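Hi,

Here is the structure I promised to pass on.

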Amino acid sequence: MDVREGPSDAEVVARVLGGDREAFGLIVRRYESGLLRFATRVLGGRDAAADAVAESLVRAYRHLASCRDPTRLRTWLYRIVANRCKSHLARRATGDVSLDDAPPIADPADNEAALERGEQLAVVEQALATLSPEKREAFVLKHVEGMSYQEMAAVTGERIPTLKMRVHRAREALLKALEERS
Amino acid sequence: MNPIDPRIHRALDGEISREALPPELRRVVERLESAAALLATAPEGGRSVADRVLARLSRHARSPLRRLARWLAAPHPVTLRIRPVWSLALAASLVLLALLPEERSAPVLGEHEGIAQFVARFPGAHSVQVVGSFNDWRTGTIPLEDRDGDGVWRAVVVLPAGAHEYMFVVDDERWVPDYSANRFVEDDFGRENSVLIVRPVKG
């Protein structure tokens, strides 16, 4: 079932706040994959990302009443995850991302196309990992999550001109890192 | 880092058509887009986040302490069956308590507790509550009162000594920091929480 079908975010939030705890599962399933992808690309590892997203969703549940505009639940959730990721990166001494817990690029038994795709993804992930956390976040929100600059401003709390400049710098840095690996 | 041609940014931001770009610039756009498309594939492996979250919320809901706290906080009808002679004794005891000096009826504070007074001005508000780290940010536990209807709401509560983050919830929907607080911290939601320092009474 496509979890984007069914009641709107605002309706689900109203149900949860009205005491229907189970309805929060709809929110979790609706946004889990996007939040996990975002956190994985920013943190550079699936396990750390899963921890950050799980912690964020539990916090979101506890603070759901403070979500001022439930129609913008998506950017509110991304904001919580983005802040969790920042805290996680701040705890790391260098801020460098680790690819230690990244999934294996592909099993040799996989078909050739999947193998090649896995290798290409590994190269892009390594290139992305060379960007600063701010640039990485900006590139992922813009080009992976497909957000507008207005939505990015709601997620990051930054001004739109700042975000545009950050995305431009991120594109340049990523291109340079990709060229070095080709 | 070398800046790339501004037309690449404009094409990626949807401000100009990529068909208007010369082939060498179009290749750069396509390279960035294909990198983004690879990153957009779902990460593989790992446990389901949904299962972990829902299991934690379920534990949160089933916690005996939380159930007890919720039961104690909720109103319940109570029926007392009492013999008339005992009711007279009870009435006498209540009269005696009422006649005792006021300081004797003050709450007994623990060694690591203090008194916090919340005062906020919200003219026209129908309800004001305080939520914070001391009540797990739950509404419905510490209401403020405006007995004389002058728009100034107050509550006095006993809290553990230490620093507490808090906000006011006005009319069950507006979350507002206490602008008269001395300290603020930014929370995970991009808001500023007020910070209250409670000093132990028996310090």
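Chain A has 8 helices and 0 strands, where helices (H or I, at least four residues) and strands (E, at least two) are DSSP runs numbered from the N terminus. This is a predicted model, so local features need pLDDT of at least 70 and side-chain atom pairs count only at pLDDT 80 or more, while totals for chains, interfaces and linings use all residues. Residues are numbered from 1 along each chain as its sequence is written, with chains lettered from A and ligands numbered from 1 in the order in which they are written.

Of the 182 residues in chain A, 41% are buried (20 or more other C-beta atoms within 10 Å of a residue's own; exposed is 12 or fewer, partly exposed is in between, and C-beta atoms are placed from the backbone).

Now take a look at α8(A). This helix has 22 residues and spans 31 Å from first C-alpha to last, close to the 32 Å expected at 1.5 Å a residue (1.5 Å times one less than the number of residues). Its buried residues include Leu163(A), Val167(A) and Leu174(A). Seen down the axis, the buried residues of α8(A) fall within an arc of 145°, so they line one face of the helix (the arc is that of the directions from the helix axis to the C-beta atoms). On the other side of α8(A), Pro161(A), Glu179(A) and Glu180(A) are exposed.

As for the partner chain, 45 residues of chain A are in contact with 35 of chain B (C-beta atoms, placed from the backbone, within 7 Å).

Cheers

Note on methods
Two residues are in contact if their C-beta atoms, placed from the backbone, lie within 7 Å.
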